[in-house]
Amino acid sequence: MDSITAPPVIRLHEQDGVVIARAALPPGTPVGPNIVARGRVPAGHKVAVMGHAPGEAVRRYGQIIGFATQPIAPGEWVHTHNMAMGDFARDYAWGVDARATVLAEVPEVFQGIRRADGRVATRNHIGIITSVNCSAHVADLIARAFTKNPFGDGHDPLADYAQVDGVVALTHKTGCGMTEKEPLRVLRRVLAGFARHPNFSHVIAIGLGCEVNQLGGMLEEQRLAGRLRTLTIQEAGGTRKTVEAGIGFVREVLAEANAVTRVAVPASELCVALQCGGSDGYSGISANTALGAASDLVVAQGGTVILSESPETYGAEHLLTRRAVSREVGEKLVGVMKWWEDYTAREGAEMNANPSPGNKAGGLTTILEKSLGAMAKAGTTNLVDVVGYAEPVTAKGFVFMDTPGYDPVGATGQVAGGANLMCFTTGRGSVFGCKPAPSLKLATNSTIFRHMEEDMDINCGTVLEGAESVAECGERIFRHMLATASGAPTKSEALGFGDAEFAPWVLGATM
């Protein structure tokens, strides 16, 4: 990060016992009144500004993020060596902070694609979904015939179809060797969500023929009959014949897919998936908080934002239940967290296993701390609904979807639920796309933005440097959302990301 004139540390709440290093702090750096750093503190990490006895709660954002495991003196670096996870009582205070939603006085618009059924698309892809891993290679071969290599000679197989954004093959590693109960229902719900997604003009489903996830059964269960074409490799006569038939299907629908025109549509048609990956100590200060301000602007326009990653909300759920529109909605969220506690216990894991080595290197110590920063992406508006993984999101406003914290799996569920745009914050430098929904990448700090400029769309490090307020950065993010929804390409789209990141949540035993 460039030299800055702002104070060397950031204090987020008057009750906090720690402050955050704006940049690496050498020993002796002032961090509070009559307090100096006792040793080197890495950038984005915590330094104590009050003493903590063993077992005493450590606070950041005014909330508990862990407990001291040994005496901590003012000026000491606070991290895994002297702070750990611990349990504490949560006051769910159902709905006490819920307020009437105030809609914006000035309605915003973007240039979207209005489908025949009235839904709005932000992109115009042709989709290939697969029932089973056994048909993945065939689907890839079909899509490859229409794919431009971003690092190749520039040849574009879709050059004559300027309104078609691409042909997308969504492949996965399951579909057979699985039980025909919840694991199969979840997979089919994901596939159906993508098959119905407005960002696909046409969809073909490719199967092998003998898999557990029979295409006929999926079409019947998910009421997809008549909505998409199907091919099975065994019936078609093998790989080559199926690929030829699939390529023929795409060529057949290209002209129809290309016959679209972008028109002005209200911003209420935005359904934005909120994701974070490769988080660091700045995530909850800059990018996540600014994205939260942008989320509030989306909701004020009558649109929808979807927060997910249940393990990365654990420990902060009591702050969301206060914003729930009803006790029923709040209890659904608490029920999700209890399921995750039971699930991790059954698997011999613990919720605090979520922060990755990269998260910890970036300054995050416990899942409590990570969750408090992650939930900031959802802004300050009411929690209007809690839905299961990949279930359709129909409510307007802030919705929570139960997903794992692993980004590709969580994002897949959000897009299956109807998200037509994604905002993805990162401090360590995640690379990601999620076709057919365009994905904006938000850097938490200027260093990573400059270092990975070809991958990052928006620099939120301006908040850390004092060059921009959270509200100003949120407004800038919102404008990027409208431009992206109108067709402006994202960095991940320019690099071809978005096919391989399709990752349905695999539940149950592999048989």
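Is the crossing of α6 and α14 left-handed or right-handed? In this predicted model, the crossing of these two helices, α6 and α14, is right-handed.

## How α6 and α14 meet

Helix α6 spans residues 287-300 and helix α14 spans residues 470-485, and their axes come within 7 Å of each other while crossing at roughly 60 degrees. The two helices, α6 and α14, are therefore oblique to each other.

On the side of α6, the contact is made by Thr289, Ala290, Leu291, Ala293, Ala294, Leu297 and Val298, and these meet Val470, Cys473, Gly474, Glu475, Ile477, Phe478 and Met481 of α14. Sorted by class, the residues in this contact of α6 with α14 comprise 11 nonpolar, two polar and one charged.

## The largest pocket

Elsewhere in the description comes the largest pocket, whose volume is about 940 Å³. Its lining is made up of 34 residues, and those that lie nearest the centre of the pocket are Lys148, Asp165, Lys435, Glu493 and Gly496. The elements that contribute two or more residues to this lining are α1 (136-144), β13 (166-170) and α15 (491-494), and β13 gives the most, with four residues.

When the residues that line the largest pocket are divided by class, 15 are nonpolar, eight are polar and 11 are charged. Among the residues nearest the centre of the largest pocket are Lys148, Asp165, Lys435 and Glu493, and residues such as Asp, Glu and Lys count as charged.

Terms used. Residues are numbered from 1 along each chain as its sequence is written. This is a predicted model: local features need pLDDT of at least 70, side-chain atom pairs count only at pLDDT 80 or more; totals for chains, interfaces and linings use all residues. Side-chain values use heavy atoms; hydrogens and water are left out. Axes are lines fitted to C-alpha atoms, for helices over the stretch in contact, and angles run from 0 to 180 degrees between N-to-C directions. Angles under 35 degrees count as roughly parallel, over 145 as roughly antiparallel, 65 to 115 as roughly perpendicular and the rest as oblique. A crossing is left-handed if the near helix is turned anticlockwise from the far one by less than a right angle, and right-handed if clockwise. Contact means heavy atoms within 4.5 Å. On a 1 Å grid over the protein atoms alone, a cavity is a set of points where a 1.4 Å probe fits but cannot get out, and a pocket is an open set with protein on both sides within 12 Å along at least five of seven lines; lining residues have an atom within 4 Å of a point. Grid points are joined across faces, edges and corners, and a volume is the space filled by probe spheres set on the points.
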